[in-house]
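This report describes selected parts of one protein chain. Look at the sequence and the structure first, then read on.

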Amino acid sequence: MTAFTSCNPASGEVVFTRPIASSEQLASQLAALRCAQHAWAHLDTATRASRLLRLADALSAHRHALAALVSLEVGKLERECLAEIDKSAQLIRYYAELAPTLLAPKDIPTQASRSGVAFEPLGLVLAIMPWNYPVWQVLRFAIPALMAGNGCLVKPAPSVPQCTALLLDIVHEAGLDVLDVAWINHDMAEDAIKGCDAVAFTGSTSAGRQVAALAGRHLKKTVLELGGSNPFIVLADADIDAAAQEAAHSRYRDAGQSCNAAKRMIVVPEIADAFIARFLQHVAALRPGHPADEHTTLAPLARADLREALHAQVLDAVSHGASLLAGGVMPHGAGFFYPATVLDHVSPACRVYQEEVFGPVATILRARDEADALRLANDTPFGLGASIFSADVERAWQLGREIEAGAVFINRYTSSDLRLPFGGVKASGYGRELSEFGLYEFVNVKTYWQK
């Protein structure tokens, strides 16, 4: 990578380039952040919270301008971009209210006259962030880290320089000097990791392995939010109409470019055909188009290479016996559009059975029975989230305990909630974001003991 370059996914045109920073610039940024973080860490949590609330207000004030740039560079529908920014502002207000209590020192009775723990910052946290949620992903990591007294250095994805720059301007407008952006390429990542005290990474599993290896070389704490291939299990007693609607919304929102989307629809024989028929009705109703058009319900993919990779997975599945029920044809014309696609009778011979599918392609796995549905749900390298649809919620809870994932949702598609931890197991990574558990990821839980 020689520059940060954004391309309009709706047209395929390059709209902006920005040069990468030098090693000297990175070193200067790290030194400045160290000084800023030292002062920031000595503020009490209530003061930190009040200053971060300024950022929430500034974010809300600039929501339309920021959403327009996210839509331009990522290709998402403008209403999806606005929802991302609003959720980010809500996140700030959530932690501003919650964190002062959660970060207060705690006394723990022992034989000592006084003993307990304090939650102290680690120092500088490097965040290597993806392109699909360029505001939410940055702030989801940064806000709890900042509340705990850390400084944050963000390495953004190469394809989102404009919205990242505007986000940084908004941060500075709010008077915060403890969050900065490193415009560096992959070759400089190790220098950034070495210069910080911890690393947060969100992205593909393959890239996560590389980051973890570099961080391990320098003994840096890591939190990895990696890929997902969430199972969406529909049992015989499920509300088929509700399940089909939720499955379609989860799979095709944000053009299917979400790690936490429902991707593998696992159906038992009793309802398989009925569910598929209703699911296909929702798929047929999707309308591709320009992200700014209020009638558009299916946005383009973010980049040409992502579309090529997705189409190759579809062709591989068909060549290995999968049935193409919808889509699957590369469209002509400008932009990186891809049709809403449904693959039935997917087998382990297909790449989509084992790989993450990052785009508007749903796979259908036909289970022999409930036990086989559970087996199929776990027969994946990933373990981010899962959904179970059933009228028997107690039974669904029991099955949920057998699923290898960081989250299980009953009668709803998987999503993130500020109040609940977000993260996975297996090839979906480790560590948690959001809630009180995300707040504690980048702190030193320091023990104090007095005779």
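A residue counts as buried when its relative accessible area is under 20%, and as exposed when that value is over 50%. The model shown here is predicted.

**The annotated span**

An unreviewed UniProt entry lists residues 4-447 as "domain: Aldehyde dehydrogenase". In the model, 42% of this span is helix and 20% is strand.

Is Thr 414 buried or exposed? Its relative accessible area is 2%, which is under the limit of 20%, so Thr 414 is buried. The side chain of Thr 414 reaches the backbone oxygen of Asn 260 at 2.6 Å. Asn 260 is also one of the contacts of Thr 414 when neighbours within four places in sequence are left aside. Others on that list include Asn 230, Arg 253, Gly 385 and Phe 409.

**Helix 14**

Helix 14 covers residues 393-400, and its buried residues are Ala 396, Leu 399 and Gly 400. Seen down the helix axis, these buried residues fall within an arc of 100°, so they line one face of helix 14. Glu 394 and Trp 397, on the other side of the helix, are exposed. What lies over the buried residues of helix 14? The cover includes helix 13 (370-378), strand 16 (385-389) and strand 17.

**Aromatic rings**

A pair of aromatic rings is described by the distance of the centres and the angle of the planes. The whole structure holds seven aromatic pairs. One of them is formed by Tyr 94 and Tyr 95, with 5.1 Å from centre to centre and 75° between the planes, which makes the pair edge-to-face. Tyr 94 is buried, with a relative accessible area of 18%, and Tyr 95 is buried as well, with a value of 0%. Elsewhere, ring pairs link Tyr 252, Phe 275 and Phe 279 into a cluster.

Two cases are listed below.

| Charged residue | Ring | Distance from ring centre |
|---|---|---|
| Lys 221 | Phe 442 | 5.7 Å |
| Arg 412 | Tyr 413 | 4.2 Å |

**Glu 441 and Gln 450**

Glu 441 lies in the loop between helix 15 (435-439) and strand 20. Glu 441 is buried, because its relative accessible area of 15% is under 20%. The side chain of Glu 441 reaches the backbone nitrogen of Arg 432 at 2.7 Å. With neighbours within four places in sequence left aside, Glu 441 is in contact with Lys 221, Val 223, Gly 431 and Arg 432. Lys 221 in this list is the residue whose charged end sits over the ring of Phe 442.

Strand 20 spans residues 443-450, and Gln 450 lies in it. Gln 450 is partly exposed, with a relative accessible area of 44%. Which residues does Gln 450 touch, not counting those up to four places away in sequence? They are Ala 112, Ser 113 and Arg 114. Thr 110 is 340 residues from Gln 450 along the chain, yet the C-alpha atoms of the two are separated by 9.9 Å.

Terms used: Residues numbered from 1 in each chain as written. Predicted model: local features only at pLDDT ≥ 70, side-chain atom pairs only at ≥ 80, totals over all residues. Heavy atoms only, no water. Buried < 20%, exposed > 50% of the residue type's maximum accessible area, 1.4 Å probe, protein only. Polar contact = N/O pair within 3.5 Å; in protein donor to acceptor, adjacent residues only side chain to side chain. Contact = heavy atoms within 4.5 Å. UniProt positions renumbered as here; feature names shortened; annotations may be inferred. Helix = DSSP H or I, 4+ residues; strand = E, 2+ residues; numbered from the N terminus. Arc of directions from axis to C-beta. Phe/Tyr/Trp six-rings, centres within 6.5 Å; stacked < 30°, edge-to-face > 60°. Lys NZ or Arg CZ within 6 Å of the ring centre and 35° of its normal.
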